[in-house]
Amino acid sequence: MQERLEALQAEAIAKVEEASDLKALQEIRVAYLGKKGPITEVLRGMGKLSAEERPKVGQMANDVRAAITEKLEQKEQRLEEEAVEQQLAAESIDVTLPGRPVQVGSRHPLTGVVEHVEDVFMGMGFSVAEGPEVETDYYNFEALNLPKEHPARDMQDSFYITNDLLLRTHTSPVQARTMEKYEGKGPVKIICPGKVFRRDDDDATHSHQFMQIEGLYIDENVRMSDLKGVLETFAKKFFGPDQKIRLRPSFFPFTEPSVEVDISCVMCGGDGCRVCKQSGWIEVLGAGMVHPRVLEMGGFDPNKYSGFAFGMGVERLAMLKYGIDDIRHFYTNDYRFLQQFKRA
Ligand code: PHE
C-alpha cells in the first residue's frame, strides 16, 4: 500500500512538471485527486485494513494528496506568470521608433489676405469695424444715395429675403452704420472686411458669394490726394515697393467724384500680358470722395467734414498676389490647393 501511494505521488508530480498549460493541470487534478481517482480509491478501501494499519495509511494518503495539490498549485502559478510575461513581451512598445508627424492646418488664403490688409491699414491708424450680412434695404442702398427705383441698383443683382431685407451686396452699408455711431463727430477711420452676396453666374472670376474690404475716412479737410496716398501706400505694402497705382474716373452713387483704381500688372510689371489684357494695368477697387448727401444722411455736416471711401475685392487681391486663375479654388476645400498657403 505504501509503495503504491509513493509510486502515485511520483507519477503525478512528474506529469505536473511536464504539463505545459492550465488545461493539462486540470486534467491531472481530476485524474489523481478526483472522486474516481486512485487516492480516493485507497481511502475507500481502508475498511479492509487492520486497526493498526488504518491511521498510518490514512495519514500517508492525506500526505500524498497534499503533496500533489501543492505541486499543482505551484505549477499553476508559474504558468500564469509565464503567460503574463509572454503577453508583456508581445505587446512591448519600441520607444525608439520615430513618431508620426502631426498634421497642422493653416489659415485659409482669404483669411491670410484679410489679416494682411488689416495690418497695413491699422499701421495707418484705421480700426476694424463689422456689420451684418443680412442687411436692410435702407443701409444697403438708400443711405448710400441709392433710393428705390434708382437705376444704379441694377449694378448689383441682389438676394432679397423680404421686400426690405437682403443679403448685403457690398460692405458699403457699414459706412452708413459707422457714421451713425459716431453721431456727426469725426474723425472716422475704419476698414470693414466681410462677406457679400450677388445674384451672379458663377464662373472663373465671379461667385455669388465673395469678400470685400470697405474703407472709410471722414475728417475735416480730407482730400482726394489723401485717398491716393493711402491707396498707394497700401498697394506698395501689400504687393511690393515697386507697385504703382492709377486712378480713372468712374461712377458710384455714394461717392463724388468716383474713381476706379488700377494697380500696375503684378504678372508683367506693366509691360502688357494676358492677365492685364496687354494694358499693363489691373482694376482692383472702387473708391471716391464720400457724397455730401451720404455724409448728411449719416449725420455729418458736409460743410465741415469731407471723406473718402473705397471697396476692394478680397478674392481679386488674393488671385493677383498668388497667381490663382480661378476664384472657385477658394471655396472647394481642395487640400492640394490649401496646403500651398502654409507659410503665406
Ligand atoms: N461698394 C462698391 C462696390 O461694391 C465699391 C465702393 C466702395 C466704391 C466705396 C466706392 C466707395 O462696387
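Reader: Angles under 35 degrees count as roughly parallel, over 145 as roughly antiparallel, 65 to 115 as roughly perpendicular and the rest as oblique. How are helices α1 and α2 oriented to each other?

Author: This is a predicted model, in which local features need pLDDT of at least 70 and side-chain atom pairs count only at pLDDT 80 or more, while totals for chains, interfaces and linings use all residues. Residues are numbered from 1 along each chain as its sequence is written, and side-chain values use heavy atoms, leaving out hydrogens and water. Helix α1 (residues 2-18) packs on α2 at an angle of about 165 degrees, with the axes 10 Å apart (axes are lines fitted to C-alpha atoms, for helices over the stretch in contact, and angles run from 0 to 180 degrees between N-to-C directions). α1 and α2 are therefore roughly antiparallel.

Reader: Which residues of α2 meet α1?

Author: Helices (H or I, at least four residues) and strands (E, at least two) are DSSP runs, numbered from the N terminus, and contact means heavy atoms within 4.5 Å. From α1 come Leu-8, Glu-11, Ala-12, Lys-15 and Val-16; they meet, in α2, Leu-25, Ile-28 and Tyr-32.

Reader: How many charged residues are in the contact of α2 with α4?

Author: Helix α2 (residues 22-33) and helix α4 (residues 53-90) pack at an angle of about 170 degrees, and are therefore roughly antiparallel to each other. Leu-22, Leu-25, Ile-28, Arg-29 and Leu-33 of α2 face a set in α4 that includes Arg-65, Lys-75, Glu-76 and Glu-80. For the classes, Ala, Val, Leu, Ile, Met, Phe, Trp, Tyr, Cys and Pro count as nonpolar, Asp, Glu, Lys and Arg as charged, and the others, Gly among them, as polar. The contact of α2 with α4 then has seven nonpolar residues and one polar, and the charged ones number five.

Reader: What is the handedness of the crossing where α5 passes α8?

Author: Helix α5 (residues 109-122) and helix α8 (residues 224-239) pack at about 130 degrees with axes 10 Å apart, and they are therefore oblique to each other. A crossing is left-handed if the near helix is turned anticlockwise from the far one by less than a right angle, and right-handed if clockwise. The crossing of α5 and α8 is right-handed.

Reader: Which residues of α8 make the contact with α5?

Author: On the α5 side, the contact is made by Val-113, His-116, Val-117, Val-120 and Phe-121. By class, the α5 and α8 contact has seven nonpolar, one polar and one charged residues. The α8 residues are Val-230, Phe-234, Lys-237 and Phe-238.

Reader: Turning to the ligand, how far is a nitrogen atom of the ligand from an N or O atom in the side chain of Ser-172?

Author: A residue is near a molecule or strand if one of its heavy atoms lies within 4 Å of it; of the 15 residues around the ligand, His-170, Ser-172, Arg-198, Gln-212 and Gly-311 come nearest. A polar contact is a pair of N or O atoms within 3.5 Å; within protein, one must be able to donate a hydrogen and the other to accept it, and residues adjacent in sequence count only if both atoms are side-chain atoms. Polar side-chain atoms of His-170 lie 3.0 Å from a ligand nitrogen and of Arg-198 2.9 Å from a ligand oxygen. For Ser-172 and a ligand nitrogen, the distance is 2.8 Å.

Reader: Where is Pro-257, which a cis peptide bond joins to Glu-256?

Author: The bond from Glu-256 to Pro-257 is cis, with omega near -5 degrees. Pro-257 is found in strand β7.
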